[in-house]
There are 2 protein chains.
Amino acid sequence: MSFTTSEENYIKGIFHLQQETGLVNTNSLAAEMQTRPASVTDMLKKLKSKKLLQYEKYKGFKLNEAGKKAALDVIRKHRLWEFFLVEKLKFDWDKVHPIAEELEHISSEELVQRLDNFLGNPSFDPHGDPIPDKNGKIPVIKQQSLSEIPFKKNVTVSSVGNQTAQMLDMLKHYNIAIGTQLTVLKKFEFDGSLEIKVSKQNACIISEQVAKNVFVHDVQ
Amino acid sequence: MSFTTSEENYIKGIFHLQQETGLVNTNSLAAEMQTRPASVTDMLKKLKSKKLLQYEKYKGFKLNEAGKKAALDVIRKHRLWEFFLVEKLKFDWDKVHPIAEELEHISSEELVQRLDNFLGNPSFDPHGDPIPDKNGKIPVIKQQSLSEIPFKKNVTVSSVGNQTAQMLDMLKHYNIAIGTQLTVLKKFEFDGSLEIKVSKQNACIISEQVAKNVFVHDVQ
DNA sequence: TTATATTTTTAGATTTATCTAAATTATATT
DNA sequence: AATATAATTTAGATAAATCTAAAAATATAA
């Protein structure tokens with residue numbers, strides 16, 4: 001089964017929301033897709049007729065197994081292309097999202113499989129998000145928010161919660177990227193900000209809000 | 001200025017035809033694009049309004065300078081992606097065209113420039129066609145049809161005239177690809193076929209029609 | 001539990017790219 | 001030059017993806 005670019009984008013949007021809320025409703029998907037509720041309803045009918053969606057009028061909706069697999073296929077392509085752009089073409093990791101949004105809709109399955117091999121079958125993209133394999137299986141890694149890590153423990157940055165351009169740009173200024181090693185030195189109870197040491201650089205202070213959005217795992 | 005996928009495809013089609021005939025007419029473009037003359041007329045109006053086309057009703061048409069530059073931009077992307085698919089992802093050279101037809105419409109200029117650098121700024125794609133640079137300049141190479149080459153002269157295959165799937169598949173069976181070294185041994189006047197030696201293999205015989213579509217240059 | 005507010009869907013319009021069929025213009029033939 | 005033929009354009013229709021405005025269903029609050 002193949003899908004239009006628009007269908008793929010909606011599938012991705014629904015997948016994203018249903019991971020948090022289970023059932024998704026029309027208005028929140030309209031907000032996610034930056035479109036109108038009426039347009040969402042139109043697409044829901046189309047996706048239901050293609051048997052990708054559990055959907056009863058007025059009752060909310062969610063992807064069924066076929067729909068989830070379709071979403072994971074698009075996510076896989078997106079993250080493989082992001083990896084390619086950063087690792088091979090040397091793009092900054094905070095610049096690749098809009099380009100991957102286009103590349104993810106290229107349809108050749110053989111292309112995806114060969115790209116995956118060419119890149120060395122990576123498990124995580126440059127933002128630390130897991131890359132599903134061709135069966136839709138997602139690698140897992142134990143990760144915690146930086147705000148929950150005990151002092152002096154060495155950890156590696158594995159992903160970022162709020163992947164806005166502002167957040168990514170800010171982390172770049174702190175020299176924090178996926179794979180960066182960190183230690184938490186001190187917490188300022190006044191505002192919850194943390195003093196941290198990034199790699200071999202001088203210590204710096206990040207706000208509680210930033211700390212909550214930086215996820216880390218044990219150094220192996 | 002940016003273009004829709006459909007606009008880019010028409011621009012490419014017109015460019016292709018006007019290289020042979022100068023002025024292009026509606027029916028031949030309709031045949032090239034596998035569409036209807038009425039659809040061509042619709043698009044001609046659109047391209048004229050975007051100032052890419054010299055076009056008078058009933059009088060034929062051709063791309064102006066802006067239109068030619070737009071065509072060369074798409075051709076550049078197509079050929080760079082073909083090079084990537086063959087050199088990096090190890091696709092057979094006769095399988096990459098349809099995938100490059102999709103990739104050529106990805107819009108980021110920075111992507112194209114970085115891809116070009118990553119590939120080592122190649123001058124020719126895997127079919128031997130020249131890759132325009134970012135200013136639209138096309139590298140040239142002195143090439144002749146294999147049917148015009150004197151006997152015993154060592155030459156290198158540089159491009160293929162009729163790039164149909166059938167032709168590319170046939171050449172693959174003769175072990176002929178871009179870069180292959182050849183010598184013409186004998187011409188059979190009966191039907192114009194040629195006995196040739198391909199690299200270090202046994203001699204074989206190709207038809208006059210094939211010979212006319214294989215272009216070669218001197219071995220450097 | 002009735003009235004009010006919110007959410008969702010429907011009905012019908014719009015835009016883009018395509019099509020068919022008919023009309024128009026150009027070209028070829030006698 | 002008149003007529004037949006071919007090429008091209010126009011007019012109007014269709015399909016996909018979107019929109020606005022109104023109607024219908026559901027949720028909330030007095």
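Where is the place of A:Leu80? A:Leu80 sits in helix H4 of chain A, residues 65–87.

## About the model

This is a predicted model, where local features need pLDDT of at least 70 and side-chain atom pairs count only at pLDDT 80 or more, while totals for chains, interfaces and linings use all residues. Residues are numbered from 1 along each chain as its sequence is written, chains are lettered from A and ligands numbered from 1 in the order in which they are written, and side-chain values use heavy atoms, with hydrogens and water left out.

Helices (H or I, at least four residues) and strands (E, at least two) are DSSP runs, numbered from the N terminus.

## Around A:Leu80

A:Leu80 is buried, with a relative accessible area of 0%. Buried here means under 20% relative accessible area, exposed means over 50%, and partly exposed is in between (1.4 Å probe, protein chains only).

Leaving aside residues up to four places away in sequence, A:Leu80 touches A:Val112, A:Leu115, A:Asp116, A:Leu119, A:Pro122 and A:Ile131. A contact means heavy atoms within 4.5 Å. As for A:Pro139, 59 residues apart from A:Leu80 along the chain, the two C-alpha atoms are separated by 14 Å.

## Helix H3 of chain A

H3(A) runs over residues 37–49, and A:Val40, A:Met43, A:Leu44 and A:Leu47 are its buried residues. They cover an arc of only 110° around the axis, which puts them on the same side of H3(A). That arc is taken from the directions from the helix axis to the C-beta atoms. In general, an α-helix has 3.6 residues a turn, so residues three or four places apart point the same way.

What covers those buried residues includes helices H1 (5–21) and H2 (26–33) plus strands S1 (53–55) and S2 (61–63), from chain A. Turned away from the buried side is a face with the exposed residues A:Ala38, A:Asp42, A:Lys45 and A:Ser49. Just past H3(A), A:Lys51 has a positive phi of about 60°.

Phosphate oxygens of DNA strand C lie 2.4 Å from a side-chain N or O atom of B:Thr35, 2.5 Å from a polar side-chain atom of A:Tyr55 and 3.1 Å from one of B:Thr4.

Technical notes. Expected span 1.5 Å × (residues − 1). Polar contact = N/O pair within 3.5 Å; in protein donor to acceptor, adjacent residues only side chain to side chain.
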